[in-house]
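Here are my notes on the model you sent over. Have the structure open while you go through them.

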Amino acid sequence: MVRQVVKWGFGYFNTEKQEWRTFLDPIKEAAREVIPQTIRPLAIAVLLEIIRTTENENSRRWAADSLGKIDPGNPKAIAVLLEIIRTTENENSRRWAADSLGKIDPGNSKAIAGLLEIIGTTEDKFTRIQAADSLGKILTTPEQYAGVVSALKDCLSDETYRDNFKRFAKCYKLICNCAENLPYPEFYQPWHNLPTTPHP
């Protein structure tokens with residue numbers, strides 16, 4: 001039964017026609033809503049199978065998102081989303097994956113690194129906005145806030161301001177958020193590349 005619900009939600013590969021087949025939107029949406037309410041271990045196993053075996057990016061994306069909802073922090077779901085972010089040429093898929101990363105596992109260092117990579121490399125304004133918004137949601141520790149300050153402070157250069165103001169503005173907003181969540185000395189150190197010294 002679980003396999004059938006997952007098949008309705010994400011489709012299947014038709015071996016006779018050699019193509020990925022999906023069901024009508026109402027069926028897909030209803031099935032995807034039911035998946036987290038089914039027998040959890042079986043649903044996790046089926047979703048992992050879809051992630052491993054399908055070539056269809058949209059199905060992998062939806063499976064990873066569903067896996068993240070029923071099994072928060074699942075490393076395979078995070079790995080798939082990061083892979084989609086790094087390899088897809090479709091900016092909608094990249095935005096969607098960035099949004100999912102922001103929901104799956106707050107504090108996950110790999111998710112934070114992937115989102116920082118998007119902010120630093122993508123030219124798509126909307127993808128950058130989504131990555132920055134997701135990043136702002138998953139930072140949980142002072143070390144993570146300080147790491148973001150250290151990683152993004154160079155984006156506040158005069159050159160970035162002149163050549164890519166949208167990136168400058170997003171990074172500025174994110175660094176301000178970090179500053180609001182850090183005591184001044186903990187913000188000052190990564191901003192000025194000072195080594196951290198233990199208290200005597």
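This is a predicted model: local features need pLDDT of at least 70, side-chain atom pairs count only at pLDDT 80 or more; totals for chains, interfaces and linings use all residues.

1. The protein contains twelve helices and two strands. Going along the sequence, the order is α-β-β-α-α-α-α-α-α-α-α-α-α-α. Its C-alpha trace spans about 65 × 40 × 25 Å along the principal axes.

2. If you take contacts between residues at least 6 apart in sequence, 56% of them join residues at least 24 apart.

3. Which residues touch the most other members of the largest nonpolar core? They are Leu-135, Val-148 and Leu-152, in a core of 53 residues. Take Leu-152 as one to click on: leaving out residues up to four places away in sequence, Leu-152 touches Leu-116, Ile-119, Cys-171, Leu-174 and Ile-175.

4. Helix 9 (residues 142–152) is worth a look next. Its buried residues are Gln-144, Tyr-145, Ala-146, Val-148, Val-149 and Leu-152. The cover over these buried residues includes helix 7, helix 8, helix 11 (165–180) and helix 12 (184–191).

5. Now the pairing of helix 7 with helix 9. Their axes come within 11 Å and cross at roughly 25°, which means helix 7 counts as roughly parallel to helix 9. The crossing is right-handed. On the helix 7 side the contacts come from Ile-112, Leu-116 and Ile-119, and on the helix 9 side from Gln-144, Val-148, Ala-151 and Leu-152. For reading lists like these, remember that an α-helix has 3.6 residues a turn, so residues three or four places apart point the same way.

6. Helix 5 covers residues 75–87, so to speak a 13-residue run, and reaches 18 Å from its first C-alpha to its last, close to the 18 Å expected at 1.5 Å a residue. Buried in helix 5 are Ala-77, Ile-78, Val-80, Leu-81, Leu-82, Ile-84 and Ile-85. What do the buried residues of helix 5 pack against? The partners are helix 3 (40–53), helix 4 (57–70), helix 6 (91–104) and helix 7 (109–121).

7. Helix 4 brings Glu-57, Arg-60, Arg-61, Ala-64, Leu-67 and Gly-68 to the contact, while helix 5 brings Ala-77, Val-80, Leu-81, Glu-83 and Ile-84.

8. Also in helix 4 is Lys-69. Is Lys-69 buried or exposed? Lys-69 counts as exposed, because its relative accessibility is 55% and the cut-off for exposed is over 50%.

9. Last one: Thr-122, in the loop between helix 7 and helix 8 (125–138). Thr-122 counts as buried because its relative accessibility is 7%, and buried means under 20%. Setting aside neighbours within four places in sequence, Thr-122 is in contact with Glu-91, Arg-94, Thr-127, Arg-128 and Arg-167.

Technical notes. Residues are numbered from 1 along each chain as its sequence is written. Side-chain values use heavy atoms; hydrogens and water are left out. A nonpolar core is a set of buried Ala, Val, Leu, Ile, Met, Phe, Trp, Tyr and Cys residues joined through side-chain atoms within 4.5 Å. Buried means under 20% relative accessible area, exposed over 50%, partly exposed in between (1.4 Å probe, protein chains only). Contact means heavy atoms within 4.5 Å. Helices (H or I, at least four residues) and strands (E, at least two) are DSSP runs, numbered from the N terminus. The expected span of a helix is 1.5 Å times one less than its number of residues. Axes are lines fitted to C-alpha atoms, for helices over the stretch in contact, and angles run from 0 to 180 degrees between N-to-C directions. Angles under 35 degrees count as roughly parallel, over 145 as roughly antiparallel, 65 to 115 as roughly perpendicular and the rest as oblique. A crossing is left-handed if the near helix is turned anticlockwise from the far one by less than a right angle, and right-handed if clockwise.
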